Amino acid sequence: MGKYFGTDGFRGEANVNLTVEHAYQVGRYLGWYFGREHKAKIVIGKDTRRSSYMFEYSLAAGLTASGADAYLLHVTTTPSVSYVVRTEGFDCGIMISASHNPYYDNGIKVINGLGQKLEASVEQEIEEYMDGLRPELPLAKREKIGRTVDFAAGRSRYIGHLLSIPSRSYSNMKVGLDCSNGSASSIAKGVFDALGARTSVIHNEPNGLNINENCGSTHIEELQRFVAERGLDVGFAYDGDADRCIAVDEQGNVVDGDRIMYVCGKYLMEQGKLNKNTIVTTVMSNLGLYKACRREGIRCEQTAVGDKYVSENMTANGYSLGGEQSGHIIFGKHSMTGDGILTSLMVMEVLLEKKRPLSALAGEVSIYPQLLKNVRVADKKAARENPRVQAAVKAVEEALGENGRILVRESGTEPVIRIMVEAQTDEICRNYVEQVAVVMEEEDLVQ
C-alpha cells in the first residue's frame with residue numbers, strides 16, 4: 001500500500017484528505033502517462049455521492065490539461081467502467097467512489113486497459129508526482145488540449161452485456177433488490193425487469209447524501225425483512241458502486257460472498273465450466289467454505305484481501321471464479337473485477353437451472369462463527385509488529401489449533417487493524433478477539 005493509494009484506490013473524506021487538487025493531479029499524471037505516444041482516451045464513471053461531481057470535473061480538467069480526451073459515463077457502476085475500458089479501446093478508466101463508505105467519503109479507483117485495478121508501480125509514480133518528487137508535467141497547448149466527451153452510451157452497452165448473459169427468462173421469479181441509493185439505482189431494476197422478473201426495489205432514490213445509509217450490502221437487515229415479509233424468492237443487495245453483492249434467501253437468511261462462491265462454483269463445476277476446478281478466495285473466507293469445497297472436490301486458493309489480488313491470481317492461473325466474503329465476486333468469463341449485478345444474475349442462473357431454493361443450495365455450507373473487530377490505531381505497522389501483540393496472536397493460534405483461526409491485518413483503506421477470529425462458538429470468538437484487542441490498548445496503540 002502506498003501513501004495515498006490503498007487496496008481499492010485513493011480514498012478519504014472529501015475536501016479533507018481527498019481534495020479536488022488531488023483529483024486534478026491524478027488526472028494530470030494519467031493524461032500524460034497514457035498520452036506519451038498517442039492521444040490518450042480515458043473514461044470516467046462516478047457514483048451518487050454529492051462530491052462525485054466535484055471530483056469528476058477535477059479529474060476531467062487534469063486529463064484534458066495533459067492532452068487526454070475524457071469520456072464521461074456519468075453515474076454508473078465500477079464494473080461498467082471496467083467493461084467499457086476492455087471493450088471500447090480506452091487506455092484506462094477512472095471510477096469515483098468510496099464503495100461502501102458513508103457519503104462524506106469518496107475515492108478514485110483507476111482501472112487499467114485490461115479492466116483490472118491499476119498496477120501498484122503506476123500508482124507509486126502518481127504518488128511521487130503528487131508529492132513533488134517528479135518533474136512538473138508539460139501542459140497541452142492549442143489543438144493538443146484534450147476534450148470532454150459525453151459517453152452515456154457506454155453504460156447502455158454495459159447493460160446490453162448484462163442482458164446477454166442469462167440463458168432463460170426470469171418470468172414469475174419474485175426478486176428483491178437493495179440498490180444502496182448508489183450506482184445500481186439506475187441499472188439493476190431495469191435489467192431484472194427486462195429479463196421478466198417481478199422486481200421489487202428498496203433504496204433506489206439517491207440524493208447525494210443517503211448512499212449506503214443503513215442500506216445495501218453492509219446493512220442487509222432491511223432487505224432480509226423485505227424479502228421475508230413480501231414472500232419473495234430471493235433478494236440481492238449491492239454496495240455504493242455495485243461491485244459487491246450479498247444475497248438473501250427466500251426465508252430472509254443472509255447468503256454472503258463465501259456461500260455465493262460455493263453455490264456458483266459447484267454449479268459451474270457440474271457444467272464443466274469451473275476452470276481447473278478451483279475457486280480463488282482471500283484469507284478472510286470462512287473455514288466452512290473450505291470444508292464444503294473439499295467435500296465437493298473443489299480446490300481453493302488464497303490471496304491477500306482485495307478483489308484486486310483475486311483478479312490478478314485468476315488472470316495469472318486461468319481460473320474462472322473467485323471473490324471475497326464481502327461480496328466481490330469475479331466471474332472470469334464475463335468480467336475482470338467484482339460485479340454485483342452480474343453476480344446476482346449468476347445466482348439466478350443456478351436457482352432456475354437447479355429448481356431449488358437458495359436456502360437449500362447455500363445450506364450445504366456450514367459457516368463457522370466469525371467475529372471481526374476493527375481497532376483504530378495511530379500507526380498500523382507499529383500495532384501489527386508490536387512484540388506483545390504478536391505474542392498474543394500466537395497464543396490464540398496455538399489455543400485454536402485446527403478448530404479455528406485468527407487473522408490480524410491492516411486495513412487497506414482506513415487507519416485500523418482488523419482482528420478476525422473463527423471458532424466453534426461465538427463466545428470463543430469474542431474471548432480471543434478481546435484477548436488481542438486488550439493487549440493493543442495496554443500497549444497504548446489504540447487511537
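Reader: What is the relative accessible area of Tyr103?

Author: This is a predicted model, in which local features need pLDDT of at least 70 and side-chain atom pairs count only at pLDDT 80 or more, while totals for chains, interfaces and linings use all residues. Residues are numbered from 1 along each chain as its sequence is written, and side-chain values use heavy atoms, with hydrogens and water left out. Buried means under 20% relative accessible area, exposed means over 50%, and partly exposed is in between (1.4 Å probe, protein chains only). Tyr103 falls in the partly exposed class, because its relative accessible area is 36%.

Reader: Which residues make a nonpolar surface patch with Tyr103?

Author: Tyr103 is found in the loop between S5 and strand S6 (105–111); helices (H or I, at least four residues) and strands (E, at least two) are DSSP runs, numbered from the N terminus. Patches are made of residues with over 30% relative accessible area and no salt bridge, like charges being joined within 9 Å and nonpolar side chains (Val, Leu, Ile, Met, Phe, Trp, Tyr) within 5 Å. A salt bridge is a side-chain nitrogen of Lys or Arg within 4 Å of a carboxyl oxygen of Asp or Glu, and accessible areas come from the Shrake-Rupley method with a 1.4 Å probe, only the protein chains shown counting as cover for residues. The patch covers about 270 Å², and Tyr103 makes it with Tyr104 and Leu209.

Reader: How many aromatic pairs does a search of the whole structure find?

Author: Rings of Phe, Tyr and Trp (its six-membered ring) pair if their centres lie within 6.5 Å; planes under 30 degrees apart are stacked, over 60 edge-to-face, and the rest tilted. Over the whole structure, the number of aromatic pairs found is 13.

Reader: How are the rings of Tyr71 and Phe151 arranged?

Author: Tyr71 is in strand S4 (residues 69–75) and Phe151 in the loop between strand S7 (148–150) and helix H5 (152–163), 80 residues apart. Both count as buried: Tyr71 has a relative accessible area of 11%, and Phe151 has 11% as well. The ring centres are 5.7 Å apart and the planes at 90 degrees, so the arrangement is edge-to-face.

Reader: How far apart in sequence are the parts that the pair of Phe90 and Phe151 ties together?

Author: The rings of Phe90 and Phe151 have centres 5.5 Å apart and planes at 70 degrees, so this pair is edge-to-face. Phe90 is buried, at 6% relative accessibility. Phe90 lies in the loop between helix H3 (78–88) and strand S5 (92–96), and Phe151 in the loop between S7 and H5, so the separation in sequence is 61 residues.

Reader: The charged end of which residue sits over the ring of Tyr71?

Author: A charge sits over a ring if NZ of Lys or CZ of Arg is within 6 Å of the ring centre and within 35 degrees of the ring normal. At 5.4 Å from the centre of the Tyr71 ring, the charged end belongs to Lys41.

Reader: What separates the C-alpha atoms of Asp243 and Pro135?

Author: Asp243 is in the loop between strand S10 (234–238) and strand S11 (245–248), and counts as buried at 0% relative accessibility. Along the chain, Asp243 and Pro135 are 108 residues apart, and the separation of their C-alpha atoms is 36 Å.

Reader: What is phi of Arg142 near?

Author: Most residues other than glycine have a negative phi. Arg142, in the loop between helix H4 (120–130) and S7, counts as exposed at 75% relative accessibility. Its phi is positive, near 50 degrees.
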